[in-house]
Each structure stands twice: as structure tokens, then as C-alpha cells.
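Open the model in your viewer and keep the selection tool ready.

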Amino acid sequence: MTHSSPDGTGMNGELLQRLATTIASRRGADPATSYVATLFAKGRDAMIKKLGEEATEAVMAAKDGDKIRLTKEIADLWFHCLVVLESYGLGPDAVLSELARREGVSGLEEKASRM
């Protein structure tokens, strides 16, 4: 099944890659002018804490059944996931490769293989 977004990026990860490239380019920017640079200046622990906050906000939006807020919170979560991935020298391609590896494998089977 192929999903297409309004800008035509589809499922190929182009949008995620562009965002990851922007995050990487702002990593060393001036924290006074870049939110991403602020996160990197605070360090990985602060980035991870922010990731947790965004995940909690997404959970709460889902629990409330608020589709619009859920969409926005998931976007925030994905953004902060990309920031944390960048801090480890990874990008969306690593996650997309892992998802591709799991494609067609039963979720129960895949989970059992990690135990």
C-alpha cells in the first residue's frame, strides 16, 4: 500500500530525510537563533527528556481522542526523534531500514525474536 502526502513525498522518506538534513545543518548553529542548536547545546539528556515529554503529550492526545492534536503531537514527537537520532549520528534511513526489515513479519514473531 502506498500513501501519498499532500506534497507528494509518499512513503519514500524524502520529507524525513530533508528534515534530518536541516536538523544536522543546525546542530552547530547559534542557540540564540536555532531551536535545534538549543537542544544540542543542552546535551543529549535534555534531548531525551524532551522526547519523553513529546511522547507523553502524544499519548494524552490519543487518550482524549483529539485527532488534530494527536497529529500535531506525533509531528512533534517525530521531529524530536530525528534530533535524538542525529545526536547518535543516525538518520531516518536507519529507522526506515529497520521497518523494511520487519515488513511482512508477524508482529508477535518479530517481538519474540528480540527476547
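Select residues 44-64, helix 3, in this predicted model. At 1.5 Å a residue, its 21 residues should span 30 Å. Check the end C-alpha atoms: they are 30 Å apart, in agreement.

Next, show the side chains of Met47, Leu51, Glu54, Ala58 and Ala61, which are buried in helix 3. They cover an arc of only 85° around the axis, so they sit on the same side of helix 3. What covers them? Helix 2 (35-42) and helix 4 (67-87) are included in the cover.

Move on to the salt bridges; the structure holds 7. Start with Arg27 and Glu86, whose closest N and O atoms are 3.2 Å apart. This pair links distant parts of the chain, 59 residues apart: Arg27 lies in the loop between helix 1 (14-26) and helix 2, Glu86 in helix 4. Buried or partly exposed? Arg27 is partly exposed at 36% relative accessible area, while Glu86 counts as buried at 16%.

Select Asp64 again, this time with Arg69: their side chains form a salt bridge, 3.2 Å from N to O. Arg69 is partly exposed, at 30% relative accessibility.

Last, go to helix 5 (residues 92-102). Arg101 and Glu98 are 3 residues apart there, about one helical turn. Their side chains meet in a salt bridge at 2.6 Å, N to O.

Key. Residues are numbered from 1 along each chain as its sequence is written. This is a predicted model: local features need pLDDT of at least 70, side-chain atom pairs count only at pLDDT 80 or more; totals for chains, interfaces and linings use all residues. Side-chain values use heavy atoms; hydrogens and water are left out. Helices (H or I, at least four residues) and strands (E, at least two) are DSSP runs, numbered from the N terminus. The expected span of a helix is 1.5 Å times one less than its number of residues. Buried means under 20% relative accessible area, exposed over 50%, partly exposed in between (1.4 Å probe, protein chains only). The arc is that of the directions from the helix axis to the C-beta atoms. Contact means heavy atoms within 4.5 Å. A salt bridge is a side-chain nitrogen of Lys or Arg within 4 Å of a carboxyl oxygen of Asp or Glu.
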